[in-house]
Amino acid sequence: MIFFRYLTRLFWMRFISIQLGALLMVVLFEWLTLTGPYRNILVKIPFTAHKLLPFIIFITMISFIWSLMGRNEWNALSSIGRSPWHILRTPLIWVILLGLLDLWVIVPMGQPFFNPFEQKISLFSRTWKKGITKDGYVFFNPDGPKYHILEMQKNSLLRRHIFGRTLHIQGTDLVCTDLWSMQAHRCPEKQAVARITLSKPVHLDQTESHPLGLSLVGAYSAMGKNPEGSLLLSSRIHYWYSHFFWSLSLVFLAPALLIGADGYRKIFGTIFGLLGVLMVYLIKEWLYALSIPLAHSWPVMLLWLPFFMTIGLTWALFFEKREL
């Protein structure tokens, strides 16, 4: 119990200080650079905390291991029969709790700032309108600098993604002009006009969150209301769980880089580790972005690729050093 308390204190001291420092830098940067509704700094803190969590976990573990090694405590613990697993399971327990807190509390709190098309759609368009057609339904955003329509079948299977210059309603027709249309296994096609006939008029005061903008809680709730299943909702659920387990894998990557290293090797391991985590994070977001227009032909297990990459690299490093 004393061993657990000591490692717990060591972990939390570093996690809290690094988290507060990172949030302070982000808040200061946004206060200096953003204007208008983008400058809702305090409201965006849950969103920012979620985005930073994998990096905070990795940096915390680097500092945690560096501290143990710097005071020769790692070697001392190893000499009395404490394996790396015995030492790392303490921070792993707390990271599991942090990940669950992130999934079920922090993400829903920051949901207004989560947007699967945030590279294309302004934060001014946080909600979507939903229209019913004879074949399924469409989601579309009626405002913002760019306009998007997602045409789907009744089981949420994405058929076509349209983005164009203008968007308006003529009677029961949804009309988008000067557009690009994207379908599965096809290159985007330039078109002049796309017209989608709705089964009934859309009331513009009625809004609904798009499936790919849901938190894990919202995705499970929506899945329960859709007995036929939904590939889009399934993709969203896999996204959140793959993010959670990838964050857990970083607990082991940090010591795998530092164990057996000294001097400049620890510094280079830290630098290249941070760059590697950033690269894998970008791959994770890129894979998820691709799963949006290809939801009907995209294996959701590809969203787990970053997790398997990190686990594979960690195992290789531990195996090479014969520390596992």
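Student: Where in H2 does the kink lie?
Tutor: This is a predicted model. In it, H2 bends by about 50° at Leu53, shortly before the proline Pro54.

Student: And how many of the residues of H2 are buried?
Tutor: Of its 26 residues, 21 are buried, so H2 is largely enclosed by the rest of the structure.

Student: What follows H2?
Tutor: Asn72 follows H2, and its phi is positive, near 60°.

Student: Why does Val43 count as partly exposed?
Tutor: The relative accessible area of Val43 is 49%. The class of partly exposed residues lies between the buried ones, under 20%, and the exposed ones, over 50%, so Val43 is placed in that class.

Student: What separation do the C-alpha atoms of Val43 and Met109 have?
Tutor: They are separated by 8.8 Å, while the two residues are 66 residues apart along the chain.

Student: Changing topic: how many helices and strands are there?
Tutor: The protein has eight helices and six strands. Along the sequence, the pattern is α-α-α-α-β-β-β-β-β-β-α-α-α-α.

Student: In what order do the strands stand in the sheet?
Tutor: The order is S1-S2-S3-S4-S5-S6, in an open sheet of six strands with antiparallel pairing.

Student: Which strands stand at the edges, and why does each have a side without a neighbour?
Tutor: These are strand S1 (129-132) and strand S6 (189-197); each has a single partner strand, so one side of each is left without a neighbour in the sheet. On average, neighbouring strands of this sheet are turned by 35° against each other, direction ignored.

Student: How many bridges pair S4 and S5?
Tutor: Nine bridges link strand S4 (residues 158-170) to strand S5 (residues 173-182), in the antiparallel sense. As for individual residues, His168 stands opposite Val175 in S5.

Student: Now the whole protein. What share of the residues counts as buried?
Tutor: The figure is 47% of the 324 residues. The protein exposes about 16,400 Å², and 66% of that area is supplied by carbon and sulfur atoms.

Student: And of the contacts between residues at least 6 apart in sequence, what share joins residues at least 24 apart?
Tutor: That share is 61%.

Key. Residues numbered from 1 in each chain as written. Predicted model: local features only at pLDDT ≥ 70, side-chain atom pairs only at ≥ 80, totals over all residues. Heavy atoms only, no water. Pairing = 2+ DSSP bridges. Helix = DSSP H or I, 4+ residues; strand = E, 2+ residues; numbered from the N terminus. Axes fitted to C-alpha atoms, helices over the stretch in contact; angles between N-to-C directions. Buried < 20%, exposed > 50% of the residue type's maximum accessible area, 1.4 Å probe, protein only. Bend = angle between axes of the 7 residues up to and from the residue. Contact = heavy atoms within 4.5 Å. Areas by Shrake-Rupley, 256 points an atom, 1.4 Å probe, with all protein chains shown as cover.
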